[in-house]
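Reader: I have a structure open and would like to talk it through. Can we start with the terms and then go to the details?
Author: Fine, here it is.

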Amino acid sequence: MEEGSKKTLARFTDDGGFKPNQHERERFRTVAAFFVFGALMYASYSLVIAGAQDILAGTFIQTSMVLVADIAPYFAVSLIAPYFMQKIPYFVRITTVFFSGITGLLIIAFARQVHWKLIGVGMTSFGFGVSEVTFLALTSFYHEVTLSAYSAGTGVGFMIAPLYYTAMTTWACVSPSATILIMAAMLLLIFVCYYAMDKKHLKSPIPPPTKDTTGSTTNEEEDPSTEDAPLTYREKFMVIFQMLSNLTPLYIAWFSEYLIIQAVLTTLAFPNAPFRPRDHYQYYIFVFLGGEVVGRSYLVVLTYINANWAEKAKFPYLWVLSAIEVMHLMFFILAAWYRFLPNVWIVLFLSFTGGLTIGVLFVNALSFLREKFEGRYKEFAMGYLVVALGGGTFTASLVGLVTEPLLRNRCKLLLNKDDFCFTRSKARENIISHCLVKTG
């Protein structure tokens with residue numbers, strides 16, 4: 001066989017999947033594209049989380065209703081899409097992500113009724129679900145650094161959106177609608193990044209044929225039709241079964257995280273805090289998701305400093321990290337029930353450590369599953385990972401419908417008033433009313 005053919009064959013796994021050449025480096029524009037993909041998708045997702053109380057301003061609807069609308073379509077997509085998504089071209093998937101995301105954000109920005117805003121949240125969630133399955137599966141065609149870059153991007157998106165929303169609505173006194181519209185325009189970067197990145201996923205995963213001694217055309221590996229065939233349902237269920245022990249701690253951790261930020265912290269406000277009860281929620285979300293960006297980004301930073309450091313810094317004990325997140329949840333529930341914390345700073349510190357734990361868990365779970373599977377199995381596994389995340393978040397949204405009212409009513413009994421039992425404006429016009437006081 002010729003030298004060029006050997007090099008080509010070296011880029012495919014025994015089961016017919018594409019495997020990047022370990023001696024070449026990904027171009028910076030490709031790594032940057034995955035970073036931006038993660039940042040944009042998670043920014044649009046966490047922007048809705050950050051604006052949850054403003055979406056429901058003037059009502060006593062449970063905050064978890066926003067989470068239900070924000071996670072139910074995402075969970076449905078992540079549960080179903082991996083079984084047929086491999087048949088859909090990546091450009092079609094990315095176009096779907098864009099139009100779903102921008103449509104949802106426009107509805108949230110312009111609708112006046114809460115139920116329409118929740119429909120817009122659901123549209124955004126659908127696009128987010130498609131994006132998560134798409135971009136995680138896409139990393140299977142590239143080097144591991146793209147996975148770390150995507151993970152880092154999700155962390156940055158998680159942090160930037162709450163900071164952006166808080167800065168615009170709390171500090172700069174821009175209306176929530178205008179703030180969301182600016183974010184919607186940023187989604188155009190999806191197409192820019194897809195155009196700029198290398199298109200390794202468009203290359204045929206079938207090794208070139210070679211000739212045997214009889215002159216007939218054969219393949220040194222397996223039958224090409226077998227190598228390029230999609231996974232059977234039996235193979236997919238086999239992969240899911242092998243993933244269960246890793247998906248369970250992810251499910252528990254994501255349940256804990258979203259119950260904390262959408263049903264427990266929403267009932268914790270302090271009279272001696274230097275900001276309004278409504279602003280408590282904005283700072284909680286910003287600090288919590290800021291911790292996530294640190295946790296999700298540490299491997300990609302170490303990879304570019306010293307790859308050996310990144311390997312040594314991996315923490316494959318997913319159950320330990322999940323247990324730490326559960327302990328955060330239990331502490332916050334006790335704090336909201338008994339109101340024993342003296343000030344907001346302890347809550348902010350533990351919000352950061354809770355986010356940090358989730359971030360470290362996420363990036364290590366991605367790395368572990370990437371190393372556990374090869375070829376076509378890897379692409380399916382990376383796409384199916386989001387089922388555990390969506391399942392945990394969706395369960396938290398349902399439990400939160402009951403948890404938040406219980407904690408809020410308990411708080412009113414202890415304090416004899418509800419001013420510091422809910423981190424929400426009592427009327428939509430009050431969201432930026434403090435700006436009128438400063439300029440009046």
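Author: Helices (H or I, at least four residues) and strands (E, at least two) are DSSP runs, numbered from the N terminus. By that count the protein has 18 helices and two strands.

Reader: What kind of model is it, and how are residues numbered?
Author: This is a predicted model, in which local features need pLDDT of at least 70, side-chain atom pairs count only at pLDDT 80 or more, and totals for chains, interfaces and linings use all residues. Residues are numbered from 1 along each chain as its sequence is written, and side-chain values use heavy atoms, with hydrogens and water left out.

Reader: Where is Thr 170, and is it buried or exposed?
Author: Thr 170 sits in helix α7, residues 144-171. Buried means under 20% relative accessible area, exposed over 50%, and partly exposed in between (1.4 Å probe, protein chains only). Thr 170 has a relative accessible area of 4%, so it is buried.

Reader: What does its side chain make a polar contact with?
Author: The side chain of Thr 170 makes one with the side chain of Arg 278, at 2.8 Å. A polar contact is a pair of N or O atoms within 3.5 Å; within protein, one must be able to donate a hydrogen and the other to accept it, and residues adjacent in sequence count only if both atoms are side-chain atoms. Thr 170 and Arg 278 are 108 residues apart in sequence, and their C-alpha atoms are 9.6 Å apart.

Reader: New topic. Which residues of α14 are buried?
Author: Leu 318, Leu 321, Ser 322, Glu 325, His 328, Leu 329, Phe 332, Ala 335 and Ala 336. Seen down the axis of α14, the buried residues fall within an arc of 145 degrees, so they line one face of the helix. The arc is that of the directions from the helix axis to the C-beta atoms.

Reader: Why would the spacing come out that way?
Author: An α-helix has 3.6 residues a turn, so residues three or four places apart point the same way.

Reader: What does that face pack against, and what is on the other side?
Author: The buried residues of α14 pack against α11 (233-264), α12, α15 (344-372) and α17 (386-415). On the other side, Met 327 and Tyr 338 are exposed. Just after α14, Arg 339 takes a positive phi of about 55 degrees.

Reader: Which residues touch the most other members of the largest nonpolar core?
Author: Phe 37, Leu 250, Trp 254 and Tyr 258, in a core of 121 residues. The largest share of this core, 14 residues, comes from α11. A nonpolar core is a set of buried Ala, Val, Leu, Ile, Met, Phe, Trp, Tyr and Cys residues joined through side-chain atoms within 4.5 Å.

Reader: And α2?
Author: In α2 (residues 28-50), 18 of the 23 residues are buried, so the helix is largely enclosed by the rest of the structure.

Definitions and conventions: Contact means heavy atoms within 4.5 Å. The expected span of a helix is 1.5 Å times one less than its number of residues.
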